[in-house]
Amino acid sequence: MRHDELRDIITIEDDQGNLKDYAVEALFDMEDESYALLKAEDETIVMKIEGEEGNQDLVGINDPSESEAILDAYQIAVEHAPAE
């Protein structure tokens, strides 16, 4: 079994109505907010998780600098976390 077969796949619709599949790379909390790190073949995106457990939605982050800052902070945290 390939490593990526273990990941959850979700389909996201963009503003133009195009559908694209993403693998859920990670779920994490930062500054009292929850985020999902999603990866497709040609891009990695971060989306905010809103709602209560069992009734959650992924919400796009419209500010590219905010999205990049969250992704950078996540990568720094992973680099400094001890290996499991």
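Strands here are DSSP runs of E with at least two residues, helices are runs of H or I with at least four, and both are numbered from the N terminus; two strands pair if DSSP finds at least two bridges between them. You're looking at a predicted model, where local features need pLDDT of at least 70, side-chain atom pairs count only at pLDDT 80 or more, and totals for chains, interfaces and linings use all residues. Residues are numbered from 1 along each chain as its sequence is written, and side-chain values use heavy atoms, with hydrogens and water left out.

Stop 1: Select β1 and β2, a hairpin with 5 residues between the strands. Click on G17 there: its phi is positive, near 85°. The two strands pair antiparallel over 5 bridges, and I12 has K20 in β2 as its bridge partner.

**Stop 2: the next hairpin.** Move on to β2 and β3, with 2 residues between them and a positive phi of about 50° at E31 in the turn. This antiparallel pairing runs over 7 bridges; show V24 and you'll find L38 of β3 opposite.

**Stop 3: the whole sheet.** Now colour the 5 strands, which form an open antiparallel sheet in the order β1-β2-β3-β4-β5. At the edges sit β1 and β5 (55-60), each pairing on one side only. Neighbouring strands are turned by 45° against each other on average, direction ignored. Between β4 and β5 there are 6 bridges, and E50 is partnered with D57 in β5.

Stop 4: Is S67 buried or exposed? S67 counts as buried because its relative accessibility is 17%, and the cut-off for buried is under 20% (1.4 Å probe, protein chains only). Beyond its neighbours within four places in sequence, S67 contacts V46 and I61 (heavy atoms within 4.5 Å).

**Stop 5: the largest pocket.** Select I12, E13, D14, M47 and G60, the closest to the centre among its 16 lining residues. A pocket is an open set of points on a 1 Å grid where a 1.4 Å probe fits, with protein on both sides within 12 Å along at least five of seven lines; lining residues have an atom within 4 Å of a point. This one holds about 370 Å³, the space filled by probe spheres set on the points. β1 (9-13), β2 (19-30) and β4 (44-52) each supply at least two lining residues.

Technical notes: Buried means under 20% relative accessible area, exposed over 50%, partly exposed in between (1.4 Å probe, protein chains only). Axes are lines fitted to C-alpha atoms, for helices over the stretch in contact, and angles run from 0 to 180 degrees between N-to-C directions.
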